[in-house]
Amino acid sequence: MNIFVAGSTGVIGQQLLPKLVQAGHEVTGMTRNNQGKGLIESWGARGIVADAFDREGMIAAIGEIRPDVIIHQLTSLSQWNLEDNARIRIEGTRHLVEAAQIHGVKRMIAQSIAWAYEPGEHPATEDAPLDVQSPAPRKSTIDGIVSLEHAVAQMPSHVILRYGMFYGPGTWYDAHGIMAEKVRSRALPATDGVQSFLHVEDAALAALLALDWPSGPVNIVDDEPAAGTAWLPVYADALQAPAPAYQAGSKRGERGASNAKARKEYGWQPLHPTWRTGLAQSLR
C-alpha cells in the first residue's frame, strides 16, 4: 500500500515506520523539520516537512502523495502539555480528514486512548460511553478525543486505536521520563485507580495490523489492568527507586480497559502481555 504517516517521528512512529517499510509498503512520513526528515529517510521511507495545523499545507501534501491509507499518530506529549495535545487532536485531525476527503483517500487509522471512558466498576469495553461529562482538567483531554474520533469516523473506512498508557523507549515511563523522575522523588503515590498499560512496540504492531481490520474503535492494551497499588511498587523497584507512599482513592475514569475484542476478534497478540514483566524489561 501507499501509506502516509502523520506523527512519524513520535514514540510510536519510530517503531511503526520501519515495520511498514519492512512489510513492503510505500511509506511517506510527515515531520515538522528537516532533522525529522533525515530520520524518516534513514528508515527507508520518504520524508516530507509539513505542519498539521496548516490546513492548506496538509491538503497539498495529501494531494501530492495520494495515499491509500493515512495513519494518524499525531500527539504533543513530550512536555506534558495537555492543552497542546488536545489542540492537535482537534485541529490536526480535522485537517487530515478534510485533506483525505478532498483527495479521495478512503481509509484512516488513528491513535486514541483507552482511559477516556466514563467511570465504571470494571475494565471498559469498546461499547462503554466516552466520559463526555468529565469536569476540568480531564475535560480538555476528553474533548480532544471526542473530536478526534468523530472526525475520523467520517472516513468511509477507519480504525480508531484506543491505546493504553505507553511505556518503553521515549515515553514518560522510560528511565529518564517524567514518570520515572516522579517515582524517584516519591512524588507519585500508589492509589487504587486502575490503569491499562501498553508497550510502544505493541502499539506500533497494532497500527500495522490495523491496515486489515474492520472499521470502528478497538482497545489496544495489555492483558492486565491494574491498580496503582499493584503496578507502581513493581515499577519503582525496577527503577531502584524508593517504595511509593499509599494514597487512598482514584481519579475519574481510572478503570482500565479490556483487550478482548483485539485478541479474540482480530487476533492481536501483544509481545509484552503484562506490565509485570514489561516495565522492568523496558528499563534494561
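## Helices across the sheet

Let's start with a helix. Helix H3, residues 55–65, lies across strand S1 (2–6), S2, S3 and strand S4 (69–72), and its direction is at about 155° to S1. Keep in mind that this is a predicted model.

Helix H5 (residues 138–152) does something along those lines with another set of strands: H5 lies across S4, strand S5 (107–113) and strand S6 (157–163), running at about 165° to S5.

## The sheet itself

So what are these strands part of? Seven strands make up an open sheet, with parallel pairing, and the order is S3-S2-S1-S4-S5-S6-S10. At the edges you'll find strand S3 (46–49) and strand S10 (216–220), each pairing on one side only. Neighbouring strands of the sheet are turned by 20° against each other on average, direction ignored.

Strand S2 (residues 26–31) pairs with S3 in the parallel sense over four bridges. Take Met30: its bridge partner in S3 is Ile48. Between the two strands comes helix H2 (residues 34–42), and S2, H2 and S3 together make a right-handed β-α-β unit.

Which residues of the largest nonpolar core touch the most other members? Out of its 33 residues, they are Leu20, Ile71, Leu161, Tyr163, Trp213 and Ile220. Two or more residues each come from S1, helix H1 (13–22), S4, S6, helix H7 (200–209) and S10. H7 gives the most, with seven residues.

## Aromatic rings

The structure holds eight aromatic pairs. Why does the pair of Tyr173 and Phe197 count as edge-to-face? Their ring planes are at 85°, with the centres 5.5 Å apart, so the pair falls in that class, where planes over 60 degrees apart belong.

This pair links distant parts of the chain, 24 residues apart: Tyr173 is in the loop between strand S7 (165–167) and helix H6 (178–184), while Phe197 is in strand S9 (residues 197–199). Are these two residues buried or exposed? Both Tyr173 and Phe197 are buried. They also belong to a cluster in which ring pairs link Tyr167, Tyr173, Phe197, Trp231 and Tyr235.

Definitions and conventions:
Residues numbered from 1 in each chain as written. Predicted model: local features only at pLDDT ≥ 70, side-chain atom pairs only at ≥ 80, totals over all residues. Heavy atoms only, no water. Pairing = 2+ DSSP bridges. Axes fitted to C-alpha atoms, helices over the stretch in contact; angles between N-to-C directions. Contact = heavy atoms within 4.5 Å. Right-handed = clockwise from strand over helix to strand, strands pointing away. Core = buried A, V, L, I, M, F, W, Y, C linked by side-chain atoms within 4.5 Å. Buried < 20%, exposed > 50% of the residue type's maximum accessible area, 1.4 Å probe, protein only. Phe/Tyr/Trp six-rings, centres within 6.5 Å; stacked < 30°, edge-to-face > 60°.
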